[in-house]
Amino acid sequence: MDSSSSSLAFTVIWLVVLFAIMYFLMIRPQNKEKKKMEAMLSAMEVGDSVVTTSGFYGVIIDMTEEDVIVEFGNNKNCRIPMRKQAIAEVEKADQASA
């Protein structure tokens with residue numbers, strides 16, 4: 001092996017190692033978080049307490065495939081339709097009462 005092919009092999013190995021590090025530090029945790037969020041959103045039910053990505057606390061009063069209607073505060077007239085992706089946290093109705 002001459003020095004140019006040795007240098008090329010070292011560069012290729014170094015690129016593979018850098019990609020592996022980037023995968024385990026960035027891409028893999030992001031995929032795990034996405035799966036966790038999808039599981040949380042699919043498990044939501046009417047009556048669950050939620051926190052939106054904007055920081056508002058409310059209760060789900062109706063749901064469709066992609067949207068939810070959330071009631072905020074004690075005012076029964078404050079009902080806002082929003083996308084499910086706008087929900088940051090969900091607390092099940094049975095856990096909230098316990």
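E66, D67 and R83 are tied into a network of salt bridges, and that makes a handy place to start reading this predicted model. Side chains of opposite charge can pair when their charged atoms come close. Here R83 meets E66 through its side chain, with 2.8 Å from N to O. R83 sits in strand β4 (residues 79-83) while E66 belongs to the loop between β2 (57-63) and β3 (67-72), so this pair ties together parts of the chain that are 17 residues apart in sequence.

R83 also forms a salt bridge with D67, at 3.1 Å from N to O.

Strands of a sheet pair through backbone hydrogen bonds, either parallel or antiparallel. In this model, five strands make an open sheet, and if you walk across it you meet them in the order β4-β3-β2-β1-β5, with antiparallel pairing. At the edges you'll find β4 and β5, each of which pairs on one side only. On average, neighbouring strands of the sheet are turned by 40° against each other, direction ignored.

If you want a residue to look for, pick V51: its bridge partner in β2 is Y57.

There's another salt bridge to visit, and the structure holds four of them. D48 and K92 bring their side chains together at 3.1 Å, N to O. Which parts of the chain does this pair tie together? D48 lies in the loop between α1 (3-42) and β1 (49-52), and K92 in the loop between β5 (87-91) and α2 (93-97), so the pair connects parts that are 44 residues apart in sequence.

The two partners also sit in unlike surroundings, going by accessibility. D48 is buried, with a relative accessible area of 2%, because anything under 20% counts as buried. K92, at 22% relative accessibility, counts as partly exposed.

Conventions:
Residues numbered from 1 in each chain as written. Predicted model: local features only at pLDDT ≥ 70, side-chain atom pairs only at ≥ 80, totals over all residues. Heavy atoms only, no water. Salt bridge = Lys/Arg side-chain N within 4 Å of Asp/Glu carboxyl O. Helix = DSSP H or I, 4+ residues; strand = E, 2+ residues; numbered from the N terminus. Buried < 20%, exposed > 50% of the residue type's maximum accessible area, 1.4 Å probe, protein only. Pairing = 2+ DSSP bridges. Axes fitted to C-alpha atoms, helices over the stretch in contact; angles between N-to-C directions.
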